[in-house]
Amino acid sequence: MLTKKQRQLLLFIHERMSETGVAPSYDEMKDALNLKSKSGIHRLIGALEERGFIQRMPHRARAIEIKRLPEPVGGASSGGAFGGKAGPPPSREAGFRPSIIEGSLGQRHGEAEGLEEDSEEIPMLGRIAAGTPIEAISHASHVIEFPRSALGHGEHYALEVAGDSMLEAGILDGDIVILERCDTAASGDIVVALVDREEATLKKLHKKGDNVALVPANKAYETRIYGPDRVQIQGRMVALLRYY
């Protein structure tokens, strides 16, 4: 699943390449998406490449190959990628709402029915990117069972991992991570971090003075450093669940 901006950029690149045979420049992409700087385009391009929608050709300027296009969005207009500026972000209700992408993995294993005495019901809230941060929505679709003895104290929730940037930490695409709800964490913890109040990612946290570094566990991805006012911690990973 792509965010609105990722989808817009992919369709814009596709339309421009269909017309001219050449990918648009980063400046053209920035203007098309009404972004203030090209750094946002670099982030979106990285996300599209990570998810297998495009491939950048090394040592060639403006060389992008589109590998696949997104599925049509239900109810979306059949027109071009840009029908005007996006509206304001949806309002956020009071209280805790982890920012993730909706999903359903694990439902066949985790229904509340038949819950064992030493297990805890944990809400399955969707998917989280282990890669470039992704725009997010959230609601609990179902619950999964997890041994209470492995959790400790606190409130917990579960997310399905999408992406491979935490591969070297043993976290694979499709895994389910169990997180303790919290708004602070120590350097070295693997956390759900909300960036700029709209994009969420699963990364290792490192504090560098007043700044916050979100560190991948895959040499193919770069560490990203943010000011402290740009990152909110929403959970600390305490366990991992994998189905075979």
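How exposed is N34, going by its relative accessibility? At 48% relative accessibility, N34 counts as partly exposed; here buried means under 20% relative accessible area, exposed means over 50%, and partly exposed is in between, with a 1.4 Å probe and protein chains only. N34 sits in the loop between α2 (26-32) and α3 (39-50).

Okay, before I go on, some housekeeping. This is a predicted model, so local features need pLDDT of at least 70 and side-chain atom pairs count only at pLDDT 80 or more, while totals for chains, interfaces and linings use all residues. Residues are numbered from 1 along each chain as its sequence is written, and side-chain values use heavy atoms, with hydrogens and water left out.

Now the overall picture. The chain has three helices and 12 strands; those are DSSP runs numbered from the N terminus, H or I with at least four residues for helices, E with at least two for strands. Of the 244 residues, 43% are buried. Contact means heavy atoms within 4.5 Å, and among contacts with a separation of 6 or more, 65% are between residues 24 or more positions apart.

Let's go inside. A nonpolar core is a set of buried Ala, Val, Leu, Ile, Met, Phe, Trp, Tyr and Cys residues joined through side-chain atoms within 4.5 Å. The largest one here has 16 residues, and L159, I171, V177, L179, V192 and L202 touch the most other members. Two or more residues each come from β3 (119-129), β6 (156-162), β7 (176-180), β8 (190-195) and β9 (199-208). There's a second, separate core of 15 residues, with L2, I13, F53 and I54 among them.

Next up, charges. Side chains of opposite charge can pair when their charged atoms come close. We call it a salt bridge when a side-chain nitrogen of Lys or Arg is within 4 Å of a carboxyl oxygen of Asp or Glu, and by that rule the count is 11.

Take E155 and R181, which pair up at 3.1 Å, N to O. E155 is in the loop between β5 (142-147) and β6, and R181 is in the loop between β7 and β8, so this pair ties together parts that are 26 residues apart in sequence. Then there's R236 with E180, at 2.6 Å, N to O. That one links strand β12 (residues 231-241) to strand β7, 56 residues apart. R236 is partly exposed, at 27% relative accessibility.

So which residue is buried yet has no salt bridge? That's D189, and the nearest side chain of opposite charge, R236, is 4.5 Å away; for charge, Lys and Arg count as positive and Asp and Glu as negative, with His and the chain ends not counted. You'll find D189 in the loop between β7 and β8. A polar atom of the D189 side chain does lie 3.0 Å from the backbone nitrogen of A186. Leaving out residues up to four places away in sequence, D189 touches K203, K204, L205 and R236.

D196 isn't a glycine either, and its phi is positive at about 55°. D196 is in the loop between β8 and β9 and counts as partly exposed at 31% relative accessibility.

Technical notes
Polar contact = N/O pair within 3.5 Å; in protein donor to acceptor, adjacent residues only side chain to side chain.
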